[in-house]
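I set out to record what I looked up in this model, entry by entry. Please keep the sequence and structure open alongside.

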Amino acid sequence: MKRDDHLTTYTDLLIEADNNNLITKEKCLLAHKGRIKGNRIAIKKDMTTAEKACVLAEELGHYYTATGDILDMSKTENRKLENKGRIVAYNKLIGLSGLVNVYKNHCSTVYEASECLNVPEDFFCDALSYYKSKYGDYAIYENYIIIFEPNLAIINI
C-alpha cells in the first residue's frame with residue numbers, strides 16, 4: 001500500500017528532535033519504551049521502526065507540553081501530561097489526514113490501516129478512541145466525513 005509522503009516518519013522525528021537541540025539515542029531500556037530528561041531522549045532499542053516512531057513522537061509531545069518528571073502515574077496532573085504527549089503522537093503520526101489516506105488507499109481492516117500509516121495496530125486503535133472522544137461520532141476534514149461510530153467509515157462529500 002502506498003503511503004502519503006506528507007505523513008511523519010521516524011527519520012522526520014529524529015530530525016525534528018535535532019532541530020530542537022534534543023539528543024536522541026537508542027538504548028537498552030528496561031522499564032520504559034522511551035524517556036525524555038532535559039535535552040536527552042532515550043528510545044528502547046529492540047522495537048520496530050514503527051514502534052520507535054510512536055515512542056519518539058510521544059517523547060517530543062512531552063517536550064512540548066510537560067516540564068519535569070511525570071513518571072509517577074498516581075498523580076492526576078502527571079496522567080494528564082502523559083495523555084497530552086500521546087495526543088501529540090497521534091496527531092503527528094495519524095491525524096485526520098492519515099485517516100483520509102487510509103480511505104484513499106482502500107484499507108478495510110485495522111491491520112491494513114496501520115500498515116498504510118506505518119504505526120502499530122494498538123497505536124492506531126488508541127488514536128481512533130482518542131479522536132472519537134474528541135470529535136464525537138464524526139468529524140469533517142476537508143471534503144470528507146470521518147465517522148467513528150459504530151465503526152470507522154469515511155465518506156467523500
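Does α4 pass α5 in a right-handed or a left-handed crossing? I found the crossing of α4 past α5 to be right-handed; a crossing is right-handed if the near helix is turned clockwise from the far one by less than a right angle, and left-handed if anticlockwise.

**Basis.** I note that this is a predicted model, in which local features need pLDDT of at least 70, side-chain atom pairs count only at pLDDT 80 or more, and totals for chains, interfaces and linings use all residues. Residues are numbered from 1 along each chain as its sequence is written, and side-chain values use heavy atoms, with hydrogens and water left out.

**Helices α4 and α5.** I looked up the packing of α4 (residues 95–104) on α5 (residues 110–117): the angle is about 115° and the axes are 10 Å apart. Axes are lines fitted to C-alpha atoms, for helices over the stretch in contact, and angles run from 0 to 180 degrees between N-to-C directions. Helices (H or I, at least four residues) and strands (E, at least two) are DSSP runs, numbered from the N terminus. From α4, Gly 98, Asn 101 and Val 102 meet Ala 113, Cys 116 and Leu 117 of α5. I sorted the residues of this contact into four nonpolar, two polar and no charged; Ala, Val, Leu, Ile, Met, Phe, Trp, Tyr, Cys and Pro count as nonpolar, Asp, Glu, Lys and Arg as charged, and the others, Gly among them, as polar.

**Glu 16 and Tyr 64.** I located Glu 16 in helix α1 (residues 10–19) and Tyr 64 in helix α2 (residues 49–65). Glu 16 has a relative accessible area of 18% and is therefore buried, whereas Tyr 64, at 39%, is partly exposed (buried is under 20%, exposed over 50%, partly exposed in between; 1.4 Å probe, protein chains only). Leaving aside neighbours within four places in sequence, Glu 16 is in contact (heavy atoms within 4.5 Å) with Leu 60, Tyr 64 and Lys 92. On the same terms, the contacts of Tyr 64 are Glu 16, Asn 20 and Lys 92. I also noted a polar contact of 3.0 Å between the side chains of Tyr 64 and Asn 20; the term requires a pair of N or O atoms within 3.5 Å, and within protein one must be able to donate a hydrogen and the other to accept it, while residues adjacent in sequence count only if both atoms are side-chain atoms.

**Leu 14.** I found Leu 14 in helix α1, partly exposed at 30%. Leu 14 touches Thr 24 and Leu 56, residues up to four places away in sequence not being counted.
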